[in-house]
Amino acid sequence: MSNNAVTEKWWKEAVVYQIYPRSFKDSNGDGIGDLKGVIEKLDYLKDLGINVIWICPIFKSPQDDNGYDISDYQDIHAEFGSMDDFNELLKQVHARGMKLILDLVINHTSDEHPWFLESRSSKHNSKRDWYIWRDEKNGQEPNNWESIFAGPAWKLDPETNQYFMHIFSAKQPDLNWENKDMRKAVYDMVRWWLDKGIDGFRIDAISHAKKMPGLPDLPNPKGLKYVPSYPMHMNVDGVLDYVGELCEETFAKYDVMTVGEANGVNSAKAEDWVSEKKKRLNMIIQFEHTKLWDSLGEEKFNLAELKEIFSNWQKNLHGIGWNALFVENHDITRIVSRWGDPEKFRRESATSIAAMYFLMQGSPFIYQGQEIGMTNTEFNGPDDFQDVFAKNHFAIRRSEGATDTQITKEIAHTSRDNARTPMQWNADKNAGFSSGTPWLKVNPNYQQINVETESKDPQSILNFYKNLIRLRRENKIFIYGSFDLVLQDHLDVFAYSRKLGSQEALVICNLKGKNTTVSIKVKPEMKQILANYQQASQITANSIELKPFECVVYLQV
Ligand code: GLC
Ligand code: CA
């Protein structure tokens, strides 16, 4: 497979920076990040070297799930700014030679979207079938599915005395993808944005669009009130028909970047989603490697499994489709706190993990704050959480008699709010994020960890990211080259080679906080082009000694 030529495309050369607008930069002191704040920081992003910005939902929304509950797809949420601000943002991004992609949330809308308001108004409304309505069953919900955000996946609407489905929050009713008119309205909206000149979309939760026909109850051997329901709505057979139609009706007509959020799709099935021949999506955000985070044992993570997962994605898609490479986003905790060592080796671990994922084949994504090694935060009680899942979880566990201290402890290490604390720009009040009171508490470590401090230190995580980005831009081997794991069985080190034509590169990353040795021959024509320790690693004829979380990159020059 590794002989397959890889076609060149602009989006394959992309380094994507993900902005969570609420937490990025507040320009007017109301404590909430906004579009003008993003515009203020475009020069920072340009200087970092990234060339594509993905901005999480900025559309009109009651903000139950921070904008993933949209009440008007074609308007901007007032706290973020106006359509004029958006137009200015797009113009400014393009003026700097960068591109902008938006978040497309079409598995569900807000319950305040006019489509839903119509749908709920009567059983006979023409939009009734745009959402999923069912009668009660034995005085209860239509089935026993649990919502991803805790509690039942159904809510009774007194208006017509039927339940509607919501696999996320109760304010995010699921659209009924079986309905053709609904799909057509979605495509019209998508084309409207594409015609405006945006450069693509990240498509939210798209692997959930298809629900299991018949919406059957799940087996419930444990006698739970509601049963975790992923198999009933995630990557269900037939979902690709919807994805295919969406692409054909919209993206295929434009030169844009499309990134599907595809929970539940594994590397064996990826081809169906991103094969260039099938003309569906350019790449998908997959979750196989982040699943390893769920099992926090003695070992921080299982390196053998991680290697297998990444290697399968690399191998299965080489010459066929493209990868989205990421280790952080707004839904998962900070990588230094997860896989690295935020206390003893924050800089070393953040940079080694960075080199590890960034130089594989695919388009690397950087989540805001990752480039300065931001960490998980502290939660002292219920008021420190803002996420809808946390709020639901508090309500449910309190009703079961748990104390706030207990509940806080239960979710502190996994809460999505860890990744959503305001961006740390400098050591001033509120980390330079806002002159008002931030909507979510700033991480108390902002005086040590911030952009300003790191930009002055040549050895910082920030400058390491700049080097990584530059390296990738200057050497096509890191974009188009083939991938092979090396040192496959090593217990501490993730290493791989990239090859393009007769050129070769070697990426070697110690992912453990201890010294280790690797037996490897580095050819004399290979030169070290990047490392995260100032003092070069000890190379002998047949081995390299690596310090804790040390990484080195060699390139044949
Ligand atoms: C996606 C988003 C997440 C959101 C959910 C519902 O997983 O990344 O933030 O809560 O979809 O829209
Ligand atoms: Ca603001």
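How far from an oxygen atom of ligand 1 does a polar side-chain atom of Glu 261 lie? In this predicted model, the distance for Glu 261 is 2.9 Å, which falls under the definition of a polar contact as a pair of N or O atoms within 3.5 Å. Polar side-chain atoms of two further residues also approach an oxygen atom of ligand 1, that of Asp 65 at 2.5 Å and that of Arg 416 at 3.0 Å. Taken alone, ligand 1 exposes 310 Å², of which the protein buries 95% (accessible areas by the Shrake-Rupley method with a 1.4 Å probe). Around ligand 1 there are 13 residues (a heavy atom within 4 Å), and those that come nearest are Asp 65, Asp 204, Glu 261, His 330 and Asp 331.

Residues are numbered from 1 along each chain as written, while chains are lettered from A and ligands numbered from 1 in the order written. Local features need pLDDT of at least 70 and side-chain atom pairs pLDDT 80 or more, whereas totals for chains, interfaces and linings use all residues, and side-chain values use heavy atoms, without hydrogens and water.

Definitions and conventions
A polar contact is a pair of N or O atoms within 3.5 Å; within protein, one must be able to donate a hydrogen and the other to accept it, and residues adjacent in sequence count only if both atoms are side-chain atoms.
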